[in-house]
Amino acid sequence: MTSAAPTAWIPLSRTLMKMRVTEIAVVGAVLAVIAATIALAEGSPVAALGSVVAVALCGAGAWWFVHNRFRAWGYCERDEDLEVRRGVMVQRLSVVPYGRMQFVEITAGPVERLFGLATVRLHTAAAASDARIPGLDPHEAARLRDRLAALGEAKAAGL
Amino acid sequence: MTGEGRTVVGWQRLNPLSPVVRSGRGLVPLLVLAGLSTIHAGHRDTSEYYIWVGIIVFGVVFGVIHWFVTRWAFDGATLRIETGLVRRDSQQLPVARIQAVDLVSPFLARLLGLAELRIRVAGAKSANHLAYLSLPVATDLRARLLATHHGLDQSVPEPDELPAAMVPPGRLLGSVLLSASTLGAAVFVVALVVLSTVSTAAATAVAGSLLVYLLGIGQGIWRRFNEQYRFTVALAPDGIRVRRGLLSTVSETIPTGRVQAVRQIEPLLWRMFGWCRLEVDLAGVPGHGRSGGSGRVTKALLPVGSHESALYLRRVVIGPVEPPLSRPSERAHLKAPFSYHFLAAGHDDALAVAVTGRVQKVTCWVPLVKAQSIRKVQGPVQRALGLATVHVDVAGKRVGAKFRDRPVEEADRLVEELAAHSRGARRTVSLAGAGGGADHRAAPRPAGPGAPLLPPAPIEAPVMGPGWFADPARSHQWRYWDGTAWTEHVSDDGVTGVDPSPSPR
């Protein structure tokens with residue numbers, strides 16, 4: 001029917017990556033400071049250095065993980081349905097028809113708000129449907145919500 | 001009494017015996033407790049006796065008050081129920097929104113010839129009850145509600161049903177006994193006997209805990225037997241009628257239009273008898289519950305039966321189409337060494353079918369009209385093997401067909417195909433809904449009108465004499481059954497016509 005027009009995957013906002021990196025940096029810094037203070041109080045500068053290096057390595061690992069996860073996440077608004085893909089280890093692709101939407105939810109946690117981001121979530125009657133798009137800037141989130149709501153109303157289908 | 005704004009004629013009370021049944025349930029254990037405590041306390045201590053009497057009197061008074069303040073009226077379009085002494089609660093149930101009317105009689109109610117009417121309305125959180133009415137009143141009210149709901153005259157008697165299947169008690173008992181839990185108990189007992197030959201002391205120690213376990217299992221067996229005794233399925237115009245129960249009887253209607261998925265379950269032990277169980281998932285109340293989406297109700301369509309019976313019922317519910325099944329590739333052997341044996345899936349433009357399980361073979365049919373979303377999931381092992389699983393989700397928690405371990409290219413194609421088919425199916429249904437009545441919209445008819453349907457012949461049921469019955473193909477309201485086969489005579493809203501019989505004569 002819809003002769004699949006070349007649909008572009010929309011990546012998540014770059015700001016989300018910044019937010020994740022900041023989170024990692026802050027947590028890493030706090031951990032490093034605590035570990036170094038304890039080690040210095042015990043009188044062992046080598047241990048302090050070691051712990052800082054270990055925290056830095058963990059941070060790098062976390063960065064790598066978050067980066068891959070960020071790159072794997074994307075969504076795509078097609079004529080009749082919304083496609084969301086995500087996951088690195090377990091890769092998931094959800095196709096949710098607009099007509100099946102029960103409601104759209106926008107959430108923004110405190111950290112997300114600090115970076116001006118929001119998460120849009122599409123709910124259907126099936127609990128397993130899993131269409132969540134994090135890290136959208138509020139304008140895009142509102143646009144998506146309105147578009148989904150309008151499409152959902154136009155194409156609504158009973159259970 | 002407050003809140004009597006307008007006058008509605010024809011208010012009726014519940015049956016005067018209903019307080020007895022209402023309090024009766026709590027009364028029996030109370031009496032037993034009271035008896036036990038008086039025996040224990042000896043015959044002198046009368047003060048405790050008064051406490052028990054007080055509790056019973058309180059229960060009865062409460063029941064009588066409830067009876068006194070509850071009333072109902074049916075004016076042909078709305079059923080009104082008013083109840084409550086302190087907080088007046090008035091419910092108005094528009095007939096057009098009624099989804100199902102169930103008749104339930106607990107044991108005590110049955111002895112007194114009473115029944116409870118449960119009315120499920122679209123959009124309501126829970127069923128509305130009228131407990132208790134005398135059986136003729138309840139049956140009559142149900143017939144009137146259903147007749148009005150289907151736009152028939154209220155004087156039309158309750159439409160005849162076509163018996164479709166019945167579960168003989170012997171088979172039910174056999175199926176319950178052949179379940180995994182009873183088997184576990186048997187193994188346990190045998191182990192105990194063996195143990196007792198070795199050491200009696202150890203055996204008696206284990207026997208104590210075993211007794212509790214056995215009691216639990218016995219209770220479970222009894223419950224299933226009691227609930228599904230004389231399980232009878234019949235086809236009616238408003239759905240599938242199920243009657244069941246030994247001590248307390250239930251007569252319920254499963255609206256075929258709300259069926260989300262059909263499952264056929266064949267446990268290991270049942271397979272040697274060729275038995276299976278057929279279940280349907282119904283959509284719950286849409287829009288309630290934030291995280292869980294809408295709830296789901298699973299109902300047995302056939303607790304245990306032959307494959308032919310299950311096939312017939314399945315065709316009534318989801319149509320006669322049989323999508324071709326295909327097996328996953330050999331590589332899936334490594335991912336699912338045990339369940340590979342049964343693993344298969346297939347779809348056509350209206351239905352998705354998936355078979356999974358090893359010990360318990362589960363076949364799941366999902367009409368694509370009902371698909372809520374389609375997902376492809378690929379875990380690390382699957383990626384290494386070039387496999388992926390495709391899910392077709394329907395309303396409810398963890399319900400749907402799973403196309404397990406298909407090759408990636410096929411999975412990608414499946415996602416697109418299933419999405420396109422479900423879109424197409426939805427569109428056809430909404431077009432049909434715009435043209436016809438609301439009932440047509442609700443009914444998922446994936447099959448074309450001329451598609452063949454099995455005649456209800458090979459079923460262990462008392463076959464009905466000639467008459468008008470609900471069209472098993474559901475393309476018309478009624479179809480004439482001449483006693484041996486379906487004829488071409490059909491009837492819709494009182495207008496008779498001719499439509500070639502869907503079944504081979």
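Helix axes are lines fitted to C-alpha atoms over the stretch in contact, and the angles between them run from 0 to 180 degrees between N-to-C directions. On that basis, the axes of helix H5 (residues 169–177) and helix H7 (residues 200–228) of chain B cross at roughly 150° and come within 10 Å. The model is predicted. Chain A is divided into domain 1 (14–70) and domain 2 (75–154).

**Helix packing in chain B**

- An angle over 145 degrees counts as roughly antiparallel, and H5(B) and H7(B) are therefore roughly antiparallel to each other.
- H5(B) passes H7(B) in a right-handed crossing.
- H5(B) contributes B:Leu172, B:Leu173 and B:Val176 to this contact, while H7(B) contributes B:Ile221, B:Arg224, B:Phe225 and B:Gln228.
- The contact of H5(B) with H7(B) comprises five nonpolar residues, one polar and one charged.
- Helix H6 (residues 180–198) of chain B also packs with H7(B), at an angle of about 165° and with the axes 10 Å apart.
- H6(B) and H7(B) are therefore roughly antiparallel to each other, and their crossing is left-handed.
- On the H6(B) side the contact residues are B:Ser181, B:Thr182, B:Ala185, B:Phe188, B:Leu192, B:Leu195 and B:Ser196, and those of H7(B) include B:Val206, B:Leu210, B:Leu214, B:Ile217 and B:Ile221.
- Classified by residue type, the contact of H6(B) with H7(B) has 12 nonpolar and five polar residues, and no charged residues.

**The helix pair of chain A**

- H1(A) and H2(A) pack with their axes 9 Å apart, at an angle of about 165°.
- This angle makes H1(A) roughly antiparallel to H2(A).
- The crossing of H1(A) and H2(A) is right-handed.
- Residues of H1(A) in the contact include A:Leu16, A:Met17, A:Arg20, A:Val21, A:Ile24 and A:Leu31, and those of H2(A) include A:Val52, A:Val55, A:Gly59, A:Trp63, A:Val66 and A:Phe70.
- The residues of the contact of H1(A) with H2(A) fall into 19 nonpolar, three polar and one charged.

**The sheet of chain A**

- Three strands of chain A form an open sheet in the order S5-S6-S7, with antiparallel pairing.
- Strand S5 (101–107) and strand S7 (131–136) of chain A stand at the edges with a single partner strand each, so one side of each is left without a neighbour in the sheet.
- Neighbouring strands of this sheet are turned by 15° against each other on average, direction ignored.
- Strand S6 (residues 118–124) of chain A pairs with S7(A) in the antiparallel sense over four bridges.
- A:Arg132 in S7(A) is the bridge partner of A:Arg121.
- Helix H4 (residues 138–154) of chain A lies across S5, S6 and S7 of chain A and runs at about 170° to S5(A).

**Domain contact in chain A**

- The C-alpha centres of domain 1 and domain 2 of chain A lie 32 Å apart.
- Seven residues of domain 1 of chain A are in contact with eight residues of domain 2 of chain A.
- Helix H1 (14–41) and helix H2 (45–72) of chain A each supply at least two residues of the side of domain 1 that touches domain 2.
- H1(A) gives the most to that side of domain 1 of chain A, with five residues.
- The residues of the side of domain 1 of chain A that touches domain 2 divide into three charged, two polar and two nonpolar.

Methods
Residues numbered from 1 in each chain as written. Chains lettered and ligands numbered in written order. Predicted model: local features only at pLDDT ≥ 70, side-chain atom pairs only at ≥ 80, totals over all residues. Domains from an automatic or database assignment. Contact = placed C-beta atoms within 7 Å. Nonpolar A, V, L, I, M, F, W, Y, C, P; charged D, E, K, R; others polar. Pairing = 2+ DSSP bridges. Parallel < 35°, antiparallel > 145°, perpendicular 65-115°, else oblique. Left-handed = near helix turned anticlockwise from the far one by under 90°.
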